[in-house]
Amino acid sequence: MTVTEMSWRPQYRSSKFRNVYGKVASREHCFDGIPITKNVHDNHFCAVNARFLAIVTESAGGGSFLVIPLEQTGRIEPNYPKVCGHQGNVLDIKWNPFIENIIASCSEDTSVRIWEIPEGGLKRNMTEAVLELYGHSRRVGLVEWHPTTNNILFSAGYDYKVLIWNLDIGEPVKMIDCHTDVILCMSFNTDGSLLATTCKDKKLRVVEPRSGRVLQEASCKNHRVNRVVFLGSTKRLLTTGVSRWNTRQIALWDQEDLAMPLIEEEIDGLSGLLFPFYDADTHMLYLAGKGDGNIRYYEIGSEKPYLSYLMEFRSPAPQKGLGVMPKHGLDVSACEVFRFYKLITLKGLIEPISMIVPRRSETYQEDIYPMTPGTEPALTPDEWLSGVNRDPILMSLKEGYKKTSKIVFKAPVREKKSVVVNGIDLLENVPPRTENELLRMFFRQQDEIRRLKDELSQKDIRIRQLQLELKNLRNSPKNN
């Protein structure tokens, strides 16, 4: 066969993940009857680990979320106890990666709170957090735990600041102040030495978190970035966003040169946000559309074309957000490589979706389960803050996950005072309001003016009635 005869043949890639398929849990293994929040903030409103599922709920007067033990599937009673200490809507929740009963939440009430969930879940409403963190002057939209260091938490607020909290002392120890608008997303590289952010100012940044120094910056005019994810230790980033034609788009970047994306690819013409999820163990990327029921998945390679489309999981039920099970919580006997917890608002339903590699053998599949980051931190807060970087401590999934972390959370005792970071009192230093906030204030004031006008006109009518009654009384024959 000549070279020319061979050249037209399509190139088939052999991949062990080519036939990965999504399997939806049966109805009795879903979580039903949950009043999922109707908040339009672009977050997942869901966090999951090997023991608990947490979901932000719709609530009047303050914010709350449910924490349900994973084995407690089925219908959840309307009076099921909640975590309900916030004074405003809860905007984000994240489980501590090293202590399974510790969860962080952030809210419109400007606070970040740390909660300790009792063994076996809640028996009554929880209103007291083990730690309340005040440092933002506006609502707080995002929280992220450091991937290798215990008790280091990042929070991003509508004051355009990222605060780094050392929970050993319960104080913010660093402030990243390079953003000029609301921060949309934060993602760490494998050892947590770099932080990537997307921002409403249409910029993608790679930041050294301890110094706050911006190492790389991309001004995304053609590709309006929404979400970013570090692709493990490949020194690449992936962003999802919108093209200039308003189509959904993904872009792949070299973290050391953000001048131009390596590739840009249009996905579809739908309008909902694309949430990216990356699995460093399998090199698979999942793209889930907010407001539709699709989850596309790809394999990421080190050479062009970098992205290889595998398949698409489709469902008619739209997803509001998705929680993701950590690797050590997966069912390795079923060859499960990823698990989503899908929020279906209209049905009040949380639906687990397992991504499965079809294999005939019952034995442990070493090739699809490499050593993976475990539940032991590699660093203490002081070590990380002093400049040390360390890769995650890896664990094998071969024996099934049994080991529980020995670390317990000890809340520091402290008194309320001013919060000074980088020489600035955070509670005094308030940035200009965003356009959305000004519009909300304007509409609130308009509503208040209308209400006062209505009250005045009611009083005016009442005065006229009283004047008429008085006049009638004076003119009555009795008074004559």
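A: Glutamate 208 is found in strand E18, which covers residues 203-208. Strands here are DSSP runs of E with at least two residues, helices are runs of H or I with at least four residues, and both are numbered from the N terminus. The model is predicted, so local features need pLDDT of at least 70 and side-chain atom pairs count only at pLDDT 80 or more, whereas totals for chains, interfaces and linings use all residues. Residues are numbered from 1 along each chain as its sequence is written, and side-chain values use heavy atoms, with hydrogens and water left out.

Glutamate 208 counts as buried, at 15% relative accessibility, because buried means under 20% relative accessible area; over 50% is exposed and the range in between is partly exposed, with a 1.4 Å probe and protein chains only. With neighbours within four places in sequence left aside, glutamate 208 is in contact (heavy atoms within 4.5 Å) with Ser193, Arg213 and Leu215.

Two other buried strand residues have side-chain to side-chain polar contacts. Threonine 57 belongs to strand E4, residues 52-57, and is buried with a relative accessible area of 4%. Its side chain and that of serine 64 are joined by a polar contact of 2.9 Å. Not counting residues up to four places away in sequence, threonine 57 touches Ile34, Pro35, Ile36, Thr37, Ser64, Phe65, Leu66 and Lys82. Tryptophan 115 sits in strand E10, residues 111-116, and has a relative accessible area of 0%, so tryptophan 115 is buried. Its side chain makes a polar contact of 2.8 Å with that of serine 105. The C-alpha atom of tryptophan 115 is separated by 9.3 Å from that of threonine 127, which is 12 residues away along the chain.

Burial can also cover a whole strand. Strand E24 (residues 274-279) has six of its six residues buried, so it is largely enclosed by the rest of the structure. In a regular strand the side chains alternate between the two faces of the sheet. In E24, Leu274, Pro276 and Tyr278 point one way, while Phe275, Phe277 and Asp279 point the other way, and all are buried.

E24 is joined to strand E25 (residues 284-289) by six bridges, and the two run antiparallel; two strands pair if DSSP finds at least two bridges between them. Proline 276 stands opposite leucine 287 in E25. The two strands form a hairpin with four residues between them, and histidine 283 in the turn has a positive phi of about 60°. E25 in turn runs antiparallel to strand E26 (residues 295-300), joined by five bridges, with tyrosine 298 of E26 as the bridge partner of leucine 285.

These strands belong to an open sheet of four strands in the order E24-E25-E26-E27, with antiparallel pairing. E24 and strand E27 (307-313) stand at the edges with a single partner strand each, so one side of each is left without a neighbour in the sheet. Neighbouring strands of this sheet are turned by 25° against each other on average, direction ignored; the axes are lines fitted to C-alpha atoms, for helices over the stretch in contact, and angles run from 0 to 180 degrees between N-to-C directions.

For the chain as a whole, there are three helices and 34 strands. Buried residues make up 53% of the 480 residues. Of the contacts between residues at least 6 apart in sequence, 52% join residues at least 24 apart. The structure holds zero disulfides, a disulfide being a pair of cysteine sulfur atoms within 2.5 Å. Cysteine 30 is buried at 2% relative accessible area, and cysteine 335 is buried at 4%.

Note on methods:
Polar contact = N/O pair within 3.5 Å; in protein donor to acceptor, adjacent residues only side chain to side chain.
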